[in-house]
Each structure stands twice: as structure tokens, then as C-alpha cells.
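Let's take a walk through a protein model together. Have a look at the picture first, and then we'll go through it piece by piece.

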Amino acid sequence: MIDKNGAKQPLELDVVALLDDLPGAGLARGQVGTVVQSLDDQTSLVEFSDDDGRAYATVPCRATNLLVLHYVPEPAE
């Protein structure tokens, strides 16, 4: 989904990276998680897991604080 500023809103199961620290959740900029639920048009619930797949944080994140990561070639819009 594209927001009014032309930014891509994360969808369920998108892999995302944090653009800012979330000290209250113990998360640092650049940590990678998976969107597990869209809470509203500006907020997603994101799960952060270790290398063994164990979740260590599940927090609501503003779309403006997330960068959707791409693992296959995708043309720019």
C-alpha cells in the first residue's frame, strides 16, 4: 500500500528494518523483524526473532520508522 507521501506501507509478512532506536523495547536502529499484523494504516505489529526463530520482542511500530527490505530484484517506482 502506498501512503499519501508516496511511501510503501509494510504489509503482513514483509521483512523490515528499524530506522530509529526503540529503547523502551530494547531495540536498536537496523534490527530486522517481520510484520505480523497491521494495526491501522500507520502502525504495524512487528516481531523480532533471533537466529533460532525465537521471538525476543513484538512491538507496534509506526510505518515511518520501518524500511521494507527486498531480497529479489524489484524495479523502483
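In what sense do E1 and E5 pair, and over how many bridges? Keep in mind that you're looking at a predicted model. In this model, E1 and E5 are paired in the antiparallel sense, and 3 bridges link them.

Now zoom out. The protein chain has 5 strands and 0 helices, so if you read along the sequence, the pattern you get is simply β-β-β-β-β. The strands sit together in an open sheet of 5, with antiparallel pairing, in the order E4-E3-E2-E1-E5. E4 and E5 are the edge strands, and each of them pairs on one side only. Ignoring direction, neighbouring strands in this sheet are turned by 40° against each other on average.

What about the inside? The largest nonpolar core has 11 residues, including Val16, Leu27, Val46, Phe48 and Cys61. Strands E1 (15–18), E3, E4 (55–62) and E5 (66–68) each give at least two residues to this core. The largest share, 3 residues, comes from E4.

Next, let's visit a single residue in a strand. Leu45 belongs to strand E3, which covers residues 43–49. Leaving out its neighbours within four places in sequence, Leu45 is in contact with Thr34, Val35, Val36, Gln37 and Leu39, and also with Thr58, Val59 and Pro60.

Asn65 is in the loop between E4 and E5. Is Asn65 buried or exposed? Residues under 20% relative accessible area count as buried, and Asn65 counts as buried because its relative accessibility is 9%. If you skip residues up to four places away in sequence, Asn65 touches Ala17, Leu18, Leu19, Asp20 and Leu22.

Finally, here are some numbers for the whole chain. Of its 77 residues, 26% count as buried. The chain exposes about 5,300 Å², and carbon and sulfur atoms supply 52% of that area. And if you take the contacts between residues at least 6 apart in sequence, 36% of them join residues at least 24 apart.

Notes:
Residues are numbered from 1 along each chain as its sequence is written. This is a predicted model: local features need pLDDT of at least 70, side-chain atom pairs count only at pLDDT 80 or more; totals for chains, interfaces and linings use all residues. Side-chain values use heavy atoms; hydrogens and water are left out. Helices (H or I, at least four residues) and strands (E, at least two) are DSSP runs, numbered from the N terminus. Contact means heavy atoms within 4.5 Å. A nonpolar core is a set of buried Ala, Val, Leu, Ile, Met, Phe, Trp, Tyr and Cys residues joined through side-chain atoms within 4.5 Å. Buried means under 20% relative accessible area, exposed over 50%, partly exposed in between (1.4 Å probe, protein chains only). Two strands pair if DSSP finds at least two bridges between them. Axes are lines fitted to C-alpha atoms, for helices over the stretch in contact, and angles run from 0 to 180 degrees between N-to-C directions. Accessible areas come from the Shrake-Rupley method with a 1.4 Å probe; for residues, only the protein chains shown count as cover.
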